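Hi everyone, thanks for having me. Could you put the protein up on the screen, please? I'll talk us through it slowly.

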Amino acid sequence: MPRRPTAPDSRRPAAAPRRPSRGPNGPGRPAAKASAPPRTRGVRGAATARPARAEEAPAPKKRAPAPPDDRPGAMRLQKLLSAAGIASRRTAEALISEGRVTVNGVVMDTLGAKAVPEVDDVRVDDRRVKAAGRQRYILLNKPRGYVTTRQDPEGRRTVMDLLGGVREYVYPVGRLDYDTEGLLLLTSDGDLAAKLTHPRHEVARVYEAIVMGDPSDDALDELRRGIFLDGRRTAEAGITRGTTVGKGRDHTTKIVLTLREGRNRQVREMCARIGHPVRTLQRVRMGPLSLRGLPTGHWRDLSAAEVASLRAATK
Ligand code: URA
């Protein structure tokens, strides 16, 4: 039998006090409380999943293997759930594997299972999932000092604190470190997010790093060709030297790096490896998107043309 809706998750840490955050499109108006998003919308983790719409469900009767489903419009459940803004694909897969998803009253706990949105009665924890509506695509100029996640177990400020007024379940596409600033895309479109982060499609990300010292041409060549991080060579990178400022031990140099892969702390690790640690780091471009005109801490919706060009960049 599937699980019934559970009591509030006792594993969730108590919400930590947060500083007043910036409102819609930047400072000024209060942001939505990221520590307590509405329980009727979205899923923050498999253990606390709640779907978008509540309706009484018929009690599911039996488990079934994923039946072949070649009906027009049939899509895999994890894709359907993420497109509906219920969860990221990975979390949706966990919900399915945990037996919390039913289609027309039958538990579907295999990852190949499909359903047709608008036709099938898809539920998570007995609550009806509404078919995907309009997707949301948000470009944020992330300041330093924010964690790139929907919720931080340590209670630190997250990028969600900067998105006052955004009611859709959006989540970050990739990650910027706590101390990295710059361009961050957040979306409810699980399909596009998956493509943008898939190694096969990864679009170019451009970073401006201020590094300690003045790297030699040979050192920059090493970065261009790729260096071994965790036993794997980094992909070829575009590297441009900027200006060097300051004197003596405190001088720094600007380097512009264009990467087509997104490993953990990649820019910081690469620069540290050649002996020039990063002092500050900013992402300034992602595929066709740039930060132009968007002050730090502010966000805006992408235009339809920008969404189309992002999609084209993943083809
Ligand atoms: N590389 C890093 O080192 N940090 C980031 O936040 C992004 C890329």
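I'll start with the model as a whole, then go to some strands, the ligand, and a few loop residues.

First, some ground rules. Residues are numbered from 1 along each chain, following the sequence as written. What you see is a predicted model, where local features need pLDDT of at least 70, side-chain atom pairs count only at pLDDT 80 or more, and totals for chains, interfaces and linings use all residues. If pLDDT is new to you, it is the predictor's confidence in each residue, from 0 to 100.

So how confident is the predictor here? The protein averages a pLDDT of 81, and 78% of the residues score at least 70. Please be careful with residues 1-55, though, where pLDDT stays under 50. For that stretch the model has 110 contacts beyond four places in sequence. A contact means that two residues have C-beta atoms, placed from the backbone, within 7 Å.

Now the overall picture. The protein has six helices and 18 strands. Helices (H or I, at least four residues) and strands (E, at least two) are DSSP runs, numbered from the N terminus. Of the 315 residues, 35% are buried. Buried means that 20 or more other C-beta atoms lie within 10 Å of the residue's own; with 12 or fewer a residue is exposed, and in between it is partly exposed, with C-beta atoms placed from the backbone. Taking contacts between residues at least 6 apart in sequence, 68% join residues at least 24 apart.

Let's look at strand β10, residues 181-187. How many of its residues are buried? Seven of its seven, so to speak a mostly covered strand. Which strands pair with β10? Two strands count as paired if DSSP finds at least two bridges between them. Strand β8 (residues 137-142) is joined to β10 by six bridges, and the two run antiparallel. Along that pairing, Y137 stands opposite T187, and I138 faces L186. Strand β9, residues 171-172, also runs antiparallel to β10, with two bridges; there P172 stands opposite L186. Strand β16 (residues 278-286) is parallel to β10, again with two bridges, and E181 is opposite Q282.

Stay with β8 for a moment. Six of its six residues are buried. Y137, L139 and N141 point one way, while I138, L140 and K142 point the other way. β8 has another antiparallel partner, β18, through three bridges, and here I138 stands opposite D301.

Next, the ligand. Which residues are around it? They are L176, D177, T180, R265, Q266, V267, R268 and L281. A residue counts as near a molecule or strand if its C-beta atom, placed from the backbone, lies within 6 Å of it. By class, this shell has three nonpolar, two polar and three charged residues. For those classes, Ala, Val, Leu, Ile, Met, Phe, Trp, Tyr, Cys and Pro count as nonpolar, Asp, Glu, Lys and Arg as charged, and the others, Gly among them, as polar. Helix α5, residues 266-273, gives the most to the shell, with three residues. Domain 2 (137-200 + 289-313) and domain 3 (205-286) each supply at least three residues; those bounds come from an automatic or database domain assignment.

One of the shell residues deserves a second look. R265 is in the loop between β15 (252-259) and α5. Its phi is near 50°, a positive value in a residue other than glycine. R265 counts as partly exposed because it has 14 C-beta neighbours inside 10 Å. D230 also has a positive phi, about 50°, without being a glycine. D230 lies in the loop between β12 (228-229) and β13 (232-233). Is D230 buried or exposed? Exposed, because 8 other C-beta atoms are within 10 Å.

L294 lies between β17 (289-290) and β18 (299-301). Leaving out residues up to four places away in sequence, L294 touches L139, N141 and R300. V116 is in the loop between β5 (114-115) and β6 (122-124). V116 and G73 are 43 residues apart in sequence, yet their C-alpha atoms are 5.6 Å apart. With 16 C-beta neighbours inside 10 Å, V116 is partly exposed.
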